[in-house]
Amino acid sequence: MRGIRQLAKHLDISIGTVSRALNGKPDVNEETRKRVLAAAEELGYVANQSGRSLRQGTTNVIGLMIESSKETVENADNFFLGLTGGLQSVLSRHKLDLIMLPCPNDEDPQEYLKRMVARRVVDALIISATQRIDKRIDFLAKAKIPFVALGRSSSGGNYSWIDLDFEGVAACAVDRLVAKGHRRIAIAVPSTDVNLGYIFLDAYRSALERHGIAYDPELVIRAKSSEQGGYQAGDELIRLDPRPTAIILIYELMAIGLYRRMVESGIVPGRDLAVIGFREEPRARFLQPTLTCFRMSLRDLGAELAETLLATMPAYADFYPGGARNTIWPLELVAGESDAFSLDS
């Protein structure tokens, strides 16, 4: 069975009545509705969604745009998996579907986004890995396409975003290390132009200044946000003279590579070097000593992203009054053994 015409002919009912019954319209009596639905199931009728989308001007699909590269595939953690669980818990209330839009790292993100928009793949978008100046934001705002950004940007315009509390994490980490006697504190930030790196670095500098510690650019190590990047950061760290007594990582999986490089050099994390990671991650839980890091609910973050996005869409805005806002998402410190020692002891 293919097409609504064949279904209507089989039932000897007008196409309009069949269509209204399938779409749950109130002007179709319950007996007819049950008959249509039963016949559709029995005969394997499947609605032509592309044709319906063209007629209605909607796809009922939300796109989540992410970076796709060899690095992100090899070092994929549960971040976006956890996020999608929360997203779908909200989108399913409105019978909306979620698709991932992986942008290859060798393609311009703006051009990739333009192509997705031109093809009318989705009704609205969630963009991630926001850059300091992100042309995608300007494009979507100008095209009047509903979107929410996972991450802030210096790009102008009035748009909704949710970002992690990088300022709070940096301040908490520096305060914790200074309280244990550390003054020479390194930081590992992304080697890309992703905006979170700038936010984290600025917050780190402010925290040092608050404690009367001079900012030293040599202590800023730029590396890939991966286990390999952590290994590289460790290699650079041991070459510094004098060597830092502590390091703060922007990405939790970096700790795995960092630990490996430290052990190779005879440096014991948690005894010779204090380490604070970023987000609690399952694989990092197996590190010894246990990693001090920060906890958050990815599912709750995903749900908040979905509600914020729907608040920008006229068809769903009434369900989420006041939902289109900018939010700093909190993280909670989880104390481990990687920074437990004090220099004064």
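This is a predicted model: local features need pLDDT of at least 70, side-chain atom pairs count only at pLDDT 80 or more; totals for chains, interfaces and linings use all residues.
Residues are numbered from 1 along each chain as its sequence is written, and side-chain values use heavy atoms, with hydrogens and water left out.

Let me stay with Thr-292. Is this residue buried or exposed? Thr-292 is buried, at a relative accessible area of 0%; the term means under 20% relative accessible area, whereas exposed means over 50% and partly exposed lies in between, with a 1.4 Å probe and protein chains only. Which residues does Thr-292 contact, beyond its neighbours within four places in sequence? With contact taken as heavy atoms within 4.5 Å, the list includes Arg-176, Val-275, Ile-276 and Gly-277. Also among the contacts of Thr-292 are Leu-333, Val-334, Ala-335 and Asp-339.

I turn to the cysteines. A disulfide is a pair of cysteine sulfur atoms within 2.5 Å, and the count under this rule is zero. Cys-293 is in no disulfide, and the nearest cysteine sulfur, which belongs to Cys-172, is 11 Å away. Cys-293 is buried, with a relative accessible area of 5%. For Cys-103, the relative accessible area is 5%, and that residue is buried.

Next, the aromatic rings. A pair of aromatic rings is described by the distance of the centres and the angle of the planes. Rings of Phe, Tyr and Trp (its six-membered ring) pair if their centres lie within 6.5 Å; planes under 30 degrees apart are stacked, over 60 edge-to-face, and the rest tilted. How many aromatic pairs does this rule give? The count is seven. One of them joins Phe-166 and Phe-200 edge-to-face, at 6.4 Å centre to centre and 85° between the planes. This pair links distant parts of the chain, since Phe-166 is in helix α9 (residues 166-179) and Phe-200 in helix α10 (residues 195-210), 34 residues apart. Both Phe-166 and Phe-200 are buried. Together with Phe-278, Phe-166 and Phe-200 form one aromatic cluster.

Two rings also carry a charge over the face. The rule asks for NZ of Lys or CZ of Arg within 6 Å of the ring centre and within 35 degrees of the ring normal. Arg-132 lies over Tyr-198, 4.1 Å from the ring centre. Likewise, the charged end of Arg-205 sits 3.9 Å from the centre of the Tyr-215 ring.

In α2 (residues 15-22), the buried residues are Thr-17, Val-18 and Ala-21. They line one face of the helix, because they fall within an arc of 100° seen down the axis, the arc being that of the directions from the helix axis to the C-beta atoms. Their cover includes α1 (4-11) and α3 (30-43). Just after α2, Gly-24 has a positive phi of about 70°.

In α12 (residues 254-264), the buried residues include Met-254, Leu-258, Tyr-259 and Arg-261. Among the elements that cover the buried residues of α12 are β6 (185-190), α11 (227-239) and β9 (274-279). After α12 comes Gly-266, with a positive phi near 80°.

Conventions: Helices (H or I, at least four residues) and strands (E, at least two) are DSSP runs, numbered from the N terminus.
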